[in-house]
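Please look over the sequence and the model shown here before reading on. The paragraphs that follow lead through them step by step, beginning with a question.

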Amino acid sequence: MFQISSRFCALLIILLTAGVVDAQNVESQESPCNAERWTETIAKFAAADEAKPPPQGGIVFVGSSSIRMWKLAKYFPDSPVINRGFGGSEICDSVYYFDTLVAKHKPRVVVFYAGDNDVAGGKSAARVLADFRSFDKRMKEKLPQARLVFVSIKPSIARWKLAGEMADANRRVAAECETDKRRLTFVDVWQPMLGEDGKPRKELFLKDGLHMNHEGYQLWTGLVSKYLHSHDQ
């Protein structure tokens, strides 16, 4: 009778375990989403919506501080824009509060910027893609006809040491957007924000080296604006 050695069994267990780990969602291998910390912020958005309901069928901008600080009425004066950015947030936070932040407004376009804080918080490029897919899943379920415009993670002076992981995350999300061009648009702000030396252009940032100034937002506005009105572009 064929006998299996204990050494072979140990090797088999290692290989099977590795397979299980590889099959697991990356979300279970990295820090969990702590979206509850935004309860008060989201409640304020809900109260504002109740007091003065934004227009339905418009354009929702959602994501982290780069969205929150974007003076939409100034840069998009002729568009029905709604700002639902909250500083420090990650992709999973917008997934968690998707109904309140996005779906309730029934937008035709959603402009999404996140992933910056994710990588800064230790999440991998693979996790950024997984969370982006979770956000897009909500879009498909709740807003199947709407366009999702994802603004790439920006290069910044303050977080330049993370450039490799951020660029990898951008590549992964860009490839994902290529799979459904009717619904998904990837807007690359990474390259336009780099100077001839291959590093972030200082003139685009505030003193903190992380957040953008007027010139930075002018650049973003020019890159994003053409995707706000038609699925055909």
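Which residue does a disulfide join to Cys-33? In this predicted model, the partner is Cys-92, and the distance from S to S is 2.3 Å. The count of disulfides comes to one, and the torsion about the S-S bond of Cys-33 and Cys-92 is about 90°, so this disulfide is right-handed. The pair links distant parts of the chain, 59 residues apart: Cys-33 belongs to the loop between helix H1 (6-23) and helix H2 (39-51), while Cys-92 is in helix H5 (residues 91-96). The surroundings of the cysteines can be described by their accessibility. Cys-33 has a relative accessible area of 30% and is therefore partly exposed, since buried means under 20% and exposed means over 50%. Cys-92, with a relative accessible area of 9%, is buried, and Cys-177 also counts as buried, at 3% relative accessibility.

The protein chain contains ten helices and five strands, and of its 233 residues 45% count as buried. Among contacts between residues at least 6 apart in sequence, 74% join residues at least 24 apart. The largest nonpolar core has 62 residues, and those with the most contacts inside it are Phe-61, Trp-70, Val-102, Val-111 and Phe-135.

E1 pairs with strand E2 (residues 81-85) in the parallel sense over five bridges, and Ile-59 stands opposite Val-81 in E2. E1 also pairs with strand E3 (residues 109-113), again in the parallel sense and over five bridges, with Val-109 in E3 as the bridge partner of Ile-59.

Is Asn-170 buried or exposed? With a relative accessible area of 6%, Asn-170 is buried, and its place is in helix H9 (residues 163-178). Beyond residues up to four places away in sequence, Asn-170 touches Ser-152, Ile-153, Phe-186 and Trp-190. A polar atom of the Asn-170 side chain lies 2.9 Å from the backbone nitrogen of Ile-153. Lys-154 is 16 residues from Asn-170 along the chain, and the C-alpha atoms of these two residues are separated by 9.1 Å.

The mean pLDDT of the protein chain is 89, and 85% of its residues reach 70 or more. Over residues 1-6, however, pLDDT stays under 50, and the model has one contact beyond four places in sequence for this stretch. Over residues 8-24 pLDDT likewise stays under 50, and there the model has three contacts beyond four places in sequence.

Conventions:
Residues are numbered from 1 along each chain as its sequence is written. This is a predicted model: local features need pLDDT of at least 70, side-chain atom pairs count only at pLDDT 80 or more; totals for chains, interfaces and linings use all residues. Side-chain values use heavy atoms; hydrogens and water are left out. A disulfide is a pair of cysteine sulfur atoms within 2.5 Å. Helices (H or I, at least four residues) and strands (E, at least two) are DSSP runs, numbered from the N terminus. Buried means under 20% relative accessible area, exposed over 50%, partly exposed in between (1.4 Å probe, protein chains only). A nonpolar core is a set of buried Ala, Val, Leu, Ile, Met, Phe, Trp, Tyr and Cys residues joined through side-chain atoms within 4.5 Å. Contact means heavy atoms within 4.5 Å. A polar contact is a pair of N or O atoms within 3.5 Å; within protein, one must be able to donate a hydrogen and the other to accept it, and residues adjacent in sequence count only if both atoms are side-chain atoms. pLDDT is the predictor's confidence in each residue, from 0 to 100. Two strands pair if DSSP finds at least two bridges between them.
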